[in-house]
Amino acid sequence: MKVFYSEKQLLHNPKHEMLMGRVVPFREVPARATSVLAKCKELGMEILEPKEFGEEWILKVHTQDYLDFLKRAYKEWTAGGGNPDGVIPDTYAVRLDPRFDRRCTSCIGRPGYYMFDGTCVIMEGTYEGTYAAVQVALSGAQEIVNGAPSAFALCRPPGHHANGSIAGGYCFFNTAAIATKYLIEHLGKVAILDIDFHHGNGTQEIFYDSSNPLYCSLHGDPFLGEYPYYWGHADETGSGEGKGFNLNVPLPKETNNEQYLKALDVAIARINQYQPKVLVVSLGVDTFERDPVGGFKVTSECYTLISQKIRSIGVPTLFVMEGGYAIDAIGDNVTRVLSSFH
């Protein structure tokens, strides 16, 4: 299995984030990616630089004004007196009523229109780093289109919480969604299997009205207080053309191996029924028992079993890196999935 990766992704490197009203050390650190990369190299996997796809495929998922905001935010923020440690909004626009969907021209007010929490801290290198992550995802997708049975896009930062015009949960560009758009155009029917601990609210929202792709997510139950709190309930099944093509499987705290694998069977059964031409896996390993951000009791050994179940679907599969914050174990957990699948 080829691994696509760019060092430019490390340029996104904030010092702090906001958590429960406190300024805390940033948890989505570059070491997440470099630890996985080191383990891939140790196992002899082929590491490739991404190709250049430009902004075309980004704009099939994200709006132009959102893209422009991410490009300019840090420079405008610091020029206007904002903290040089990073862009974190003071005020958030709650975009629920289209009659009052107003953009702000202030460099201090604008971030709150395009961000929904205090984890998406924008630094000088954030746009370049997140843009590189998109090129990584698209390079993996192209590998699948060219006939590879599998590929791994080692993306950082993650992407599945970002919708078309709002960043959140460390995510700026929805790399899995962008890769999915590419795969749909080139191969047809796509299914997304999101196995991150947190629900991929951004991916869900992007495709909620569509019957292609099918979106399936296993995640911590938002009703029981798991991030992103407001999305991921079982009754969110899609709308319009997309009705019945969104499957959420919320799980309780301390879900163990056996319980997780049983839930995975539910998602895989729906995917098999859908009969996709290709599968995109939003690969988060914050389901791990010692992950500081998750809340499940999934062991390292279980990732081998998870991989084998995914492989049973029997279609070309693109793995796109999402979450996982236990730095000492992330490389082992990710490569257990990749090695067992390969």
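**Exercise 1.** Determine how α7 and α8 are oriented to each other: roughly parallel or oblique?

Solution. In this predicted model, local features need pLDDT of at least 70, side-chain atom pairs count only at pLDDT 80 or more, and totals for chains, interfaces and linings use all residues. Residues are numbered from 1 along each chain as its sequence is written, and side-chain values use heavy atoms, with hydrogens and water left out.

Step 1. Two packed helices are described by the angle between their axes and the distance between the axes. Helices (H or I, at least four residues) and strands (E, at least two) are DSSP runs numbered from the N terminus. Axes are lines fitted to C-alpha atoms, for helices over the stretch in contact, and angles run from 0 to 180 degrees between N-to-C directions.

Step 2. Helix α7 (residues 257-274) packs on helix α8 (residues 300-311) at about 15°, and the axes are 11 Å apart. Angles under 35 degrees count as roughly parallel, over 145 as roughly antiparallel, 65 to 115 as roughly perpendicular and the rest as oblique. Therefore α7 and α8 are roughly parallel to each other.

Step 3. The crossing of α7 past α8 is right-handed, meaning that the near helix is turned clockwise from the far one by less than a right angle.

Step 4. In this contact (heavy atoms within 4.5 Å), α7 contributes Asn257, Tyr260, Leu261, Leu264, Asp265 and Ile268, while α8 contributes Cys302, Leu305, Ile306, Lys309 and Ile310. Eight of the residues in the contact of α7 with α8 are nonpolar, one is polar and two are charged. Here Ala, Val, Leu, Ile, Met, Phe, Trp, Tyr, Cys and Pro count as nonpolar, Asp, Glu, Lys and Arg as charged, and the others, Gly among them, as polar.

**Exercise 2.** Describe the packing of α8 with α9.

Solution. Step 1. The axes of α8 and helix α9 (residues 327-341) cross at roughly 35° and come within 8 Å. The crossing of α8 past α9 is right-handed.

Step 1. Among the residues in contact are Tyr303, Ile310 and Arg311 of α8 and Asp332, Val337 and Phe341 of α9. The contact of α8 with α9 comprises four nonpolar, five polar and four charged residues.

**Exercise 3.** State how many charged residues the contact of α4 with α5 has.

Solution. Step 1. Helix α4 (residues 126-145) and helix α5 (residues 175-187) have axes that come within 9 Å and cross at roughly 30°. That makes α4 roughly parallel to α5.

Step 1. The residues that meet include Ala133, Leu138 and Val145 in α4 and Ile178, Tyr182 and Leu187 in α5. The contact of α4 with α5 has no charged residues, alongside 12 nonpolar and three polar ones.

**Exercise 4.** Identify the residues that lie nearest the centre of the largest pocket.

Solution. Step 1. The lining of the largest pocket has 42 residues, and Phe116, Asp117, Tyr227, Pro228 and Tyr229 lie nearest the centre.

Step 1. By class, the lining of the largest pocket has 22 nonpolar, 11 polar and nine charged residues. At least two lining residues come from each of β2 (16-19) and α6 (201-207).

**Exercise 5.** Which residues are joined by a cis peptide bond with omega of about 0°?

Solution. Step 1. Arg156 and Pro157 are joined by this cis peptide bond. Pro157 lies in the loop between β5 (150-153) and α5.

Step 1. Another cis peptide bond, with omega about 20°, joins Asn212 and Pro213. Pro213 is in the loop between α6 and β7 (214-220).

Technical notes: 1 Å grid on protein atoms, 1.4 Å probe; cavity = no way out; pocket = protein on both sides within 12 Å on 5 of 7 lines; lining within 4 Å.
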